[in-house]
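User: I'm new to this one. Could you walk me through it?

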Amino acid sequence: MALVLNIETATTNCSVSLSKDGETLVLKEDNSLGYSHAETLHLFIDEVFKIAKLKPIEVDAVAVSKGPGSYTGLRIGVSSAKGLCFALNKPLIAVSTLESLAQQVGFKDGYVIPMLDARRMEVYSAVYNLNFELVREIQAEILTEESYSELLKESKVYFIGNGVEKTKGLIQHPNAVFIEGKLPSADNMARLAEYKYKKSDTEDVAYFEPYYLKDFVALKKKS
């Protein structure tokens with residue numbers, strides 16, 4: 001039974017949880033502040049420990065959402081997690097952001113496609129089956145009216161994440177189910193982090209980097 005600190009900063013949702021044996025004990029998150037993770041993340045970490053009446057040294061591991069997602073958000077989350085691992089001498093666990101997001105869908109048939117908004121008509125997405133096994137690798141893809149057409153012919157397809165807004169305007173199919181208003185959360189990292197901890201599936205703290213999927217592109221300010 002592992003006590004794990006989970007950190008999720010891949011989107012605008014700054015989310016922190018403490019979990020034990022794969023179950024969330026305390027969750028603190030806020031999506032209303034935009035990308036203010038640099039200001040709020042450590043406050044949330046302090047708060048979950050205070051609520052749980054535990055000390056950071058008591059955790060068995062630190063888990064972080066590894067991406068894909070916001071370049072800045074991922075960098076802040078991973079840097080904080082690595083700092084804690086160094087300071088506490090604890091292992092680092094990396095959890096796929098899209099796999100964690102997919103865990104929010106309860107479904108009995110078909111597929112789930114977690115998707116995060118990228119630039120223009122592009123999303124970061126993956127395809128999982130009923131057992132949350134990856135059946136199509138994570139990609140940065142440009143959406144069209146024909147996206148996922150073969151899957152939709154076959155069965156129900158559940159779309160979740162902040163990429164849903166642009167997707168539902170393109171895909172018109174009775175088998176498409178759009179789950180809106182959902183973002184990756186540290187709450188859904190608990191079971192995945194516990195599974196990795198039991199397998200000793202940890203990262204090299206010194207060399208681990210987020211899974212950005214695409215190179216960072218700085219946008220020029222308008223004059």
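This is a predicted model: local features need pLDDT of at least 70, side-chain atom pairs count only at pLDDT 80 or more; totals for chains, interfaces and linings use all residues.

User: Which element gives the most residues to the largest nonpolar core?

Analyst: That core has 25 residues, and Leu5, Ile7 and Ile45 have the most contacts inside it. The elements giving two or more residues to the core include strand 1 (3-8), helix 1 (37-52) and helix 2 (71-88). The top giver, with 6 residues, is helix 2.

User: How many residues does the other core have?

Analyst: Leu5, one of the residues with the most contacts in the largest core, touches Ile45, Phe49, Val62 and Leu84, among others. Apart from that core lies another, with Leu98, Ala102, Val112 and Tyr158 among its members. Its residue count is 15.

User: Where is the cis peptide bond?

Analyst: Look at the loop between strand 4 and helix 2, where Pro68 sits. Omega there is near 5 degrees, for the bond from Gly67 to Pro68.

User: Is Lys53 buried or exposed?

Analyst: Lys53 is in the loop between helix 1 and strand 4, and its phi is near 60 degrees, positive though it isn't a glycine. Its relative accessible area is 76%, and the cut-off is over 50%, so Lys53 counts as exposed.

User: What is the relative accessible area of Ser200?

Analyst: Ser200 lies in the segment after helix 6 (190-198). Ser200 isn't a glycine either, yet its phi is positive, about 55 degrees. Ser200 is exposed, with a relative accessible area of 59%.

Terms used: Residues are numbered from 1 along each chain as its sequence is written. Side-chain values use heavy atoms; hydrogens and water are left out. A nonpolar core is a set of buried Ala, Val, Leu, Ile, Met, Phe, Trp, Tyr and Cys residues joined through side-chain atoms within 4.5 Å. Buried means under 20% relative accessible area, exposed over 50%, partly exposed in between (1.4 Å probe, protein chains only). Helices (H or I, at least four residues) and strands (E, at least two) are DSSP runs, numbered from the N terminus. Contact means heavy atoms within 4.5 Å. Lists of a residue's contacts leave out its neighbours within four places in sequence.
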